[in-house]
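Me: Got a model here I'd like to go through. Can we start with how burial is judged?

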Amino acid sequence: MSASIYSMSVSIYSMSVSIYNMSASIYSMLQHIIDLLKTDGMVDKGDIIKNLEYSISVLDTLYIEETKRLFDDDDALNEVEPDAVPSEVRDWLAQTFTKSQTGTRVQGERPKFKSVAQAVRAGLMVDRLYRRMSSCGSESAVEPPTPVAKILKDVDQWSFNVFDLDEHSGGNSLRYMGYELIRSQGLISKLRINGNHLDNFLTALQVGYSKYSNPYHNLIHGADVAQTVYALLQISGLMKWLTDIEIFATIIAALIHDYEHTGTTNNFHIMSRTSLAMLYNDRAVLENHHLSAAFELMKSEDKNILSGLKAEEYREFRSLVIDMVLATDMSGHFQQIKNMRSMLSCAENIEKSKALSLILHTADISHPSKPWVVHKRWTDNLIEEFFKQGDREKVLGIACSPLCDRQTTLVEKSQIGFITIIVEPSFNVLGDMMEKLVAVLQNNNTLVDSGTQAHTILEDVEAEASQLNHIKSTNLKSLSMKEVAMVKHWEVCLAENRKKWKELAGVEDDPPEKSDDRNNNANSTNSRSTNRAISRSTSTTGLKLDARELNSQLPRSLSKADVHHRN
Ligand SMILES: Nc1nc2c(ncn2[C@@H]2O[C@H](COP(=O)(O)O)[C@@H](O)[C@H]2O)c(=O)[nH]1
Ligand SMILES: [Mg+2]
Ligand SMILES: [Zn+2]
């Protein structure tokens, strides 16, 4: 909810969206508080329930009245000061609802944003009350220290620096990141998640990520991928397309996607015949383990973040998470890209689970599309991990995997290849997919769902409001513009990073190639202008690498046949 608060200060548009979200969340939370109070045997609960029921009706009225005029008002956004919100729930109930209900507004007078701001404060208060109640236990739920909270304000930015977060949080980036992403979407209340259980689960994830002290596949990588997925969904506007369960599944999938990573590749497991390779029959060995071990965690009572889900919701959640994490197995990369390209020819048919899988997969390999300092650090960490594996392979007397031999590996050239053959085409398809989905949303609001068609509370509330169509189209139009900005950001970073690697490798930059060659190389559908812009400025042409040399520098988990085919 606080993420919505931050965005409110940005523009009237974002204010209106947040108010809608807020009202929906308040409504849901208040109802849940009533349920809780009805069952826990507290004294005077009749009074409390009456108050809360009254609050709901007032808030409902406020919501409908304010939204009628929301787009005409333009002042008092700065009224919203999260830190100024009082802490006593009872005081708040009296104060806020009394003000809204006093009838001080003359009939026909237009309400000011002040009263909207009160509704926002109300949302904050209820959120705090709810969090306190759902967190009652020996441990309190996660409250980030001020420097961490400050960094997390930019959680939806492409340039977010996860290393900063990790340093300022004392090595707890995944815990704070995970909690913030789930909380900011209102999922703690909507999906009835116990705050302490969530904290325990995230803390246990951190322990598992740290098991093998990996330089790259550690908790910071888990936090990074989760943040990137979140930024992609937020900035593109696709978050609006997803149900609560789908958002929750996507965030959890990103957080767990490398849980208990051994610091070695699937190929290493297969070649050295580890227990995991035996258990999973050489198929997606690590990915199966990440999933299985993480779901085991979620089963333990004090880490059970799924206990509030209905059976059907649980099944949908589990199925989505499994699909997404299995799709991070790099051996399926080319097939995944190819499948999405064919789905793009008819955007209405894009399955949500496939779209979400592509988003997670692309986020997983996204660091080359981030600012150089961040990308370089990730590269150094990954190469160190690869070299450690190579050292072990030498000791075991098995063949050294590609990129794992510290004596022969050409890091700079391999990075040029990775960016050109893997990362850039993935972002091209992702960009096409996002644009098509947003366009479909704008045009007809009909999309194929992966499972049960569930409606978010927001959608239900919106459906009741006569302004629905106006709000949705305004919303998506401006988000679409933001998406363009985001695409430009990753486009610029990819181009800059490749240029840097070329300089370091002593490889010359070629002039831009003809569009036909470009299309073949990038295998782009070129269905959108931003994508064409990417192809122009970051085409795969700059390589003076021999294709065989390039292939020899690619990780074994990629199909070399596929790479040859594209060269
Ligand atoms: N050669 C490089 N390979 C990279 C780089 N960053 C990531 N990768 C590869 O992608 C997978 C991602 O999957 P994960 O779930 O293991 O994170 C990773 O294992 C590498 O094989 C890179 O900068 N260069
Ligand atoms: Mg992985
Ligand atoms: Zn990963």
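This is a predicted model: local features need pLDDT of at least 70, side-chain atom pairs count only at pLDDT 80 or more; totals for chains, interfaces and linings use all residues.

Me: OK. Is D258 buried or exposed, and why?
Reply: D258 is buried, because 26 other C-beta atoms lie within 10 Å.

Me: Where is D258 found?
Reply: In a loop. D258 lies between α12 (244–256) and α13 (266–271).

Me: Which residues does D258 touch, leaving out those up to four places away in sequence?
Reply: H217, H221, G222 and H290.

Me: Switching to helices. How close do the axes of α8 and α11 come?
Reply: Within 8 Å. Helix α8 is residues 173–184, and helix α11 is residues 219–236. Their axes cross at roughly 25 degrees. Angles under 35 degrees count as roughly parallel, so α8 is roughly parallel to α11.

Me: Is the crossing of α8 and α11 left-handed or right-handed?
Reply: Left-handed.

Me: Which residues of α8 and α11 meet?
Reply: From α8, S173, L174, M177, G178 and L181. From α11, L219, I220, G222, A223, A226, Q227 and Y230. G222 also turns up among the residues that D258 touches.

Me: Now α10. How many residues, and what reach?
Reply: Helix α10 has 15 residues, 195–209. From first C-alpha to last, α10 reaches 21 Å, close to the 21 Å expected at 1.5 Å a residue.

Me: Which residues of α10 are buried?
Reply: G195, H197, L198, D199, N200, F201, L202, L205, Q206 and Y209.

Terms used. Residues are numbered from 1 along each chain as its sequence is written. Chains are lettered from A and ligands numbered from 1 in the order in which they are written. Helices (H or I, at least four residues) and strands (E, at least two) are DSSP runs, numbered from the N terminus. A residue is buried if 20 or more other C-beta atoms lie within 10 Å of its own, exposed if 12 or fewer, and partly exposed in between; C-beta atoms are placed from the backbone. Two residues are in contact if their C-beta atoms, placed from the backbone, lie within 7 Å. The expected span of a helix is 1.5 Å times one less than its number of residues. Axes are lines fitted to C-alpha atoms, for helices over the stretch in contact, and angles run from 0 to 180 degrees between N-to-C directions. Angles under 35 degrees count as roughly parallel, over 145 as roughly antiparallel, 65 to 115 as roughly perpendicular and the rest as oblique. A crossing is left-handed if the near helix is turned anticlockwise from the far one by less than a right angle, and right-handed if clockwise.
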